[in-house]
Amino acid sequence: MKISQLIKIALSSVWNNKMRSFLTMLGIIIGISSVTILVGMGEGTQKQISDQIENLGTNLITVSITGNRTTTITDEDLNELKAKPGIKEIAPEISTGNVNIKSKSKSSTTTLEASTPEYAEIRKLAVQSGRFIKRMDVDNRFNVLVIGPETAQNIFGNTNVVGNTMYVNGIEFTVVGVLKSEGTSTTGSSDDRIIIPLSTGERLMKTAKAQTFYVEAESKDKVDEAMSYLELFLNKKFKIRNSGSDSTVTNSYYRVMSQTSILDTANSTTKSMTSMLAGIAAISLIVGGIGIMNIMLVSVAERTREIGIRKAIGAKKRNILMQFLIESAGISGFGGIMGVLLGYIGAYFGEHVFGTAIIIPSNIVIEAFVFSMVVGIIFGIYPANKASNLNPIDALRFE
Amino acid sequence: MTEDRSGREIIKMNGIEKVYKTGEVSFKALSSVDLIIQKGEYVAIIGPSGAGKSTLMNIIGCLDKPTKGEYILDGMDTNCSDNLLAEIRNKKIGFIFQNYNLLPKSNILENVELPLLYLGYTQKRARKRAEHAIEKVGLKSHIKHRPCELSGGQMQRVAIARALVTGPQIILADEPTGALDSKAGEEVLEMLSDLNNEGNTIIMITHDSKIASRAKRMITIMDGMIKSDLSNGVKS
Ligand SMILES: Nc1ncnc2c1ncn2[C@@H]1O[C@H](COP(=O)(O)OP(=O)(O)O)[C@@H](O)[C@H]1O
Ligand SMILES: [Mg+2]
């Protein structure tokens, strides 16, 4: 018998039992749609995170001094490093997550960063009004600050605050600039912050020297070169021998990280989270498969007579086997397609009603179809085999 | 498997025995049946209920296997693989059952073309040939109907069309008129006679001696054994 005819016979049987076929599909539909949505959520989150990280600049390298606080990086060191090939700018940073701020009427807490003028370029910061920290602010240890738009809103009630006075941990500062809004991210709002001159920060927080340095490479391609110079310099400085890895150098004295390595870490984290969630959802596919097997067994028992008739007029074992296999694969394959459709609908609602970022990869349509067909075939083998092995005369006599 | 067409012996049974086992109990439904049927014969197998007629018929039709004995069909030993038996049922045998055994969810055309599809015909060729067979049994106008929309007599004619469609060597009819009224039964019997006149080998089972008298040869079975074998009223 030709395969096209077997498919026709099998599918007409699916069609003749629409309600039952649909109920059988339900398990697969739910399984595939939840896998689709979860994978989509994973992709969406990953895209969001990598967009944010890339927004910070792919040329960015972060150096953290982790140990040996007696050795500090001096201004001369910075000048020497800045002259190295591949390195464009360096900005030291002191930061703290929690300072008290106060205007005449309101008070709040926020994040504080203390740095140099280069910080604006390296961290891609821009002001909407006023100016950023200048060299003279650092040199003269002026009590000036640049404020995030959200912070300004929090304590002044508006963002038109250049020239206003406010208090940081009780010390009076003048607002010289307001940052442009960057929007909220998963890592928290980057609009709620204040930035002060490095020297002012050293005094305010009673820290000897900056422990974190933001380095901008000349281009994305120069990141590795810049990193190896940084590494070489720091090894000499800390008197250690080290053969570091490509994108991340870690030891007990310092850590050099490129944006790419941060991106990789973030990506692998979301990826493993996504596959774990999808794996859990995939269990429902197995349950769906068992459902198919269950119904197919009932169907074989119900249609024993039909099988007997087919065998009496010349159907071979493999004809019957294929008929039932195609039937279960058809049910599950169709369920898979409906599942993907439901997934798309769910993703639409997720995005527009709940604002979750969901990106459904286009190849998932094919994958879901193939995977659900495979589930159908695997769980259809036992019932189909049972049907094909029926003895013709016993099947015919069956009432 | 040697072809032996010299004697035109289409069926040759030698010491056929069939034992049914139901749990501990075993029942001998056929014992030492020897039977030769020539090509073109019209044979009635008659006997009381439970005599073993259907059992013999199922073995002749390769739906069941004998427990013991040798059965040569059209020169081929039937002690072979299930696949080959399916092919024999498909090409060499046409079944007509008392309860029609049509597929209820398929229409007349689909029912009749199915044996051809199992034979490997393309849809187009199968359709043409099936239409021809349906025309022959006078149901051309009902081609798209489902079996449940037909009368018993019409259903049995569909079954005849299906039995004929592959051009089999033997037509096996197990009480073909058992569920029909006398008029419809007469139609079916006439059709079988016509088919025999066209050269088809027909084996019909019945428990009614009046119906059996339509055949040219009458074999009586009792308690699983052949009691008599008469050709045109003469012992053969
Ligand atoms: N599948 C079976 N299992 C057990 N006994 C059977 C089976 N089929 C038939 N028999 C027994 O074999 C005997 C012959 O049955 P059957 O050939 O159907 O008789 P007939 O067709 O002549 O009425 C009966 O006694 C019946 O009970
Ligand atoms: Mg019987």
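Which residues of H12(A) are buried? I started my notebook with that one.

**Ground rules.** I'm working with a predicted model, where local features need pLDDT of at least 70 and side-chain atom pairs count only at pLDDT 80 or more, while totals for chains, interfaces and linings use all residues. Residues are numbered from 1 along each chain as its sequence is written, chains are lettered from A and ligands numbered from 1 in the order written, and side-chain values use heavy atoms, leaving out hydrogens and water.

**Helix H12 of chain A.** I looked up the buried ones (buried means under 20% relative accessible area, exposed over 50%, partly exposed in between, with a 1.4 Å probe and protein chains only). They are Ile364(A), Ala368(A), Ser372(A), Val375(A), Gly376(A), Phe379(A), Gly380(A), Pro383(A), Ala384(A), Ala387(A) and Ser388(A). An α-helix has 3.6 residues a turn, so residues three or four places apart point the same way. I then checked the partners: the buried residues of H12(A) pack against H2, H9, H10 and H11 of chain A. Packing here goes by contact, meaning heavy atoms within 4.5 Å. Helices (H or I, at least four residues) and strands (E, at least two) are DSSP runs, numbered from the N terminus.

H12(A) covers residues 364-388 and reaches 34 Å from first C-alpha to last, close to the 36 Å expected. The expected span is 1.5 Å times one less than the number of residues. I also found a bend of about 45 degrees at Ile381(A), with Pro383(A) following within four residues. A bend is the angle between axes fitted to the seven residues ending at a residue and the seven starting there.

**Helices H1 and H2 of chain A.** The 14 residues of H1(A) should span 20 Å, and its end C-alpha atoms are 20 Å apart, which agrees. Its buried residues are Gln5(A), Leu6(A), Ile9(A), Ala10(A), Ser13(A) and Val14(A). These pack against H2, H10 and H11 of chain A, and also against H3 and H4 of chain B.

H2(A) has 38 residues that should span 56 Å, and its ends are 52 Å apart, which agrees. I noted a kink of about 35 degrees centred on Met25(A). After H2(A) comes Gly57(A), with a positive phi near 105 degrees.

**The second largest pocket.** A pocket is an open set of points on a 1 Å grid over the protein atoms alone, where a 1.4 Å probe fits, with protein on both sides within 12 Å along at least five of seven lines; lining residues have an atom within 4 Å of a point. How many residues line this one? I got 33, with Glu306(A), Arg310(A), Leu103(B), Lys105(B) and Ser106(B) nearest its centre. H1(A) gives the most to the lining, with six residues.

**Two positive phi values in chain B.** Most residues other than glycine have a negative phi. Tyr100(B) has phi near 65 degrees and sits in the loop between E6 and H3 of chain B. Asp223(B) has phi near 50 degrees, in the loop between E9 and E10 of chain B. Is each buried or exposed? Tyr100(B) is buried at 12% relative accessible area, whereas Asp223(B) is exposed at 61%.

**Tyr71(B).** This residue is in strand E4 of chain B and counts as buried at 2% relative accessibility. Leaving out residues up to four places away in sequence, its contacts include Ile11(B), Met13(B), Ile59(B) and Cys62(B).
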